[in-house]
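Here are a few exercises to work through with the model open in your viewer. Try each one yourself before reading its solution.

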Amino acid sequence: MKSLKRIYHFKKIDSTSAYLLRRRSVLRNFSFCSADFQTSGKGRTGRKWQAASGENLLFSLLVSDKYLVNSFRLLSVASAVAVISACEKFGVKNLSLKWPNDVYADGKKLCGILLESVSDDGEIAEIVIGIGINVNQTEFDGDFYREPTSLFLQTGKKINIGDFKKTVYKEIIRTFKKIKRGDLSFLDKAKSVDFLKGKTMFAEIDGEKKQVTVIGIEKDGLKVVVDGIEKTLFYGEVSFHV
Ligand code: BTN
């Protein structure tokens with residue numbers, strides 16, 4: 001039997017994504033887990049996600065709806081667009097989306113998104129979308145590919161994390177429900193805030209370092225020119241060093 005409860009919050013947990021992954025068989029679609037602090041927050045490419053306690057929005061969303069799971073290539077960009085819309089409502093300006101899953105403000109990293117999937121019999125059964133948004137934090141320790149920022153640093157205003165959480169959750173669910181109806185209008189927004197568009201840089205494609213020029217975000221992935229040929233890169237296939 002699936003649990004009726006859908007919203008979970010912890011003061012301290014290992015990782016909100018790990019929690020949903022552990023309990024996925026008893027949790028319903030769109031179960032949501034947030035935490036004030038994570039002891040083992042996961043970032044992309046095996047890195048850790050560190051965030052000061054109580055100052056940020058750290059949450060994960062379980063997606064088990066078949067249609068959405070099968071549209072997994074869209075979910076990362078859709079989540080980022082939803083985060084951007086929520087941040088705009090809280091006064092953040094100059095937001096951009098670094099395909100497929102970082103949100104920048106003034107070119108600094110405001111939010112990271114990590115998608116993890118679980119397969120049953122070779123088919124993706126569930127997806128956990130983990131999102132970390134820097135909200136009120138002002139100091140960041142560590143080595144970063146890209147300088148971090150927060151909503152507070154960008155707007156000069158302390159943000160009520162509970163209010164912000166509700167807004168982000170609503171935006172994500174609204175965007176995902178639209179996808180279910182075949183409405184992919186989030187892509188227009190993604191294209192309008194595409195950070196990589198027009199940039200020439202190195203990308204690691206299937207383990208090989210290549211120079212690519214980015215044409216832009218498309219439904220299926222990121223369209224680039226590599227070795228003079230147009231190619232669409234899929235989510236998970238590539239890492240960029242801008
Ligand atoms: C990145 O490396 O940019 C992605 C970071 C994703 C971090 C979030 S915080 C909430 C959720 N739980 C985790 O353990 N990771 C994600």
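**Exercise 1.** Find which residues Pro148 touches, not counting residues up to four places away in sequence, and decide whether Pro148 is buried or exposed.

*Solution.* Keep in mind that this is a predicted model.
- Step one: locate the residue. Pro148 sits in the loop between β7 and α4 (151–155).
- Step two: list its partners. Leaving out residues up to four places away in sequence, Pro148 touches Lys108, Lys109, Asn134 and Phe140.
- Step three: check the accessibility. Pro148 has a relative accessibility of 15%, and buried means under 20%, so Pro148 counts as buried.
- Pro148 and Leu187 are 39 residues apart along the chain, and their C-alpha atoms are separated by 25 Å.

**Exercise 2.** Work out which residues come nearest to the ligand and how much of the ligand the protein buries.

*Solution.* 
- Step two: sort the shell by class.
- Step three: pick out side-chain N or O atoms facing ligand atoms. For Ser15, such an atom is 2.7 Å from an oxygen of the ligand.
- Step four: turn to the surface. On its own the ligand exposes 420 Å², and the protein buries 98% of that.
- Step five: assign the shell to elements. Those giving two or more residues are α1 (16–23), β3 (57–63), β6 (108–120) and β7 (123–133). The most comes from β6, with 4 residues.

**Exercise 3.** Find which members of the largest nonpolar core touch the most other members, then list what Phe176 touches.

*Solution.* 
- Nonpolar side chains tend to be buried together in soluble globular proteins.
- The largest nonpolar core has 61 residues, and Val63, Ile133, Phe164 and Phe176 touch the most other members. Helix α3 gives the most to this core, with 11 residues.
- With residues up to four places away in sequence set aside, Phe176 touches Phe30, Leu61, Val63, Leu68, Leu75, Ala78, Ser79 and Ile129.
- Step four: look beyond this core. Another core lies apart from it, with 11 residues, including Ile13, Leu20, Leu62 and Val128.

**Exercise 4.** Is Ser85 buried or exposed, and which residues is it in contact with beyond four places in sequence?

*Solution.* 
- Ser85 belongs to helix α3 (residues 72–89).
- Step two: apply the cut-off. Its relative accessibility is 16%, so Ser85 counts as buried.
- Step three: name the contacts. Beyond four places in sequence, Ser85 is in contact with Glu171 and Lys189.

**Exercise 5.** Track down the cis peptide bond and the positive phi values of Thr45 and Asp227.

*Solution.* 
- Most peptide bonds are trans, and most residues other than glycine have a negative phi.
- Step two: find the cis bond. It joins Trp99 and Pro100, with omega about 0 degrees. Pro100 lies in the loop between β4 (95–98) and β5 (102–105).
- Step three: take Thr45. Its phi is near 45 degrees, and Thr45 sits in the loop between β2 (32–38) and β3. Thr45 is exposed, at 63% relative accessible area.
- Step four: take Asp227. Its phi is about 50 degrees, and its loop runs between β10 (222–226) and β11 (229–233). Asp227 is exposed, at 57%.

Notes:
Residues numbered from 1 in each chain as written. Predicted model: local features only at pLDDT ≥ 70, side-chain atom pairs only at ≥ 80, totals over all residues. Heavy atoms only, no water. Near = heavy atom within 4 Å. Polar contact = N/O pair within 3.5 Å; in protein donor to acceptor, adjacent residues only side chain to side chain. Areas by Shrake-Rupley, 256 points an atom, 1.4 Å probe, with all protein chains shown as cover. Buried < 20%, exposed > 50% of the residue type's maximum accessible area, 1.4 Å probe, protein only. Contact = heavy atoms within 4.5 Å. Core = buried A, V, L, I, M, F, W, Y, C linked by side-chain atoms within 4.5 Å.
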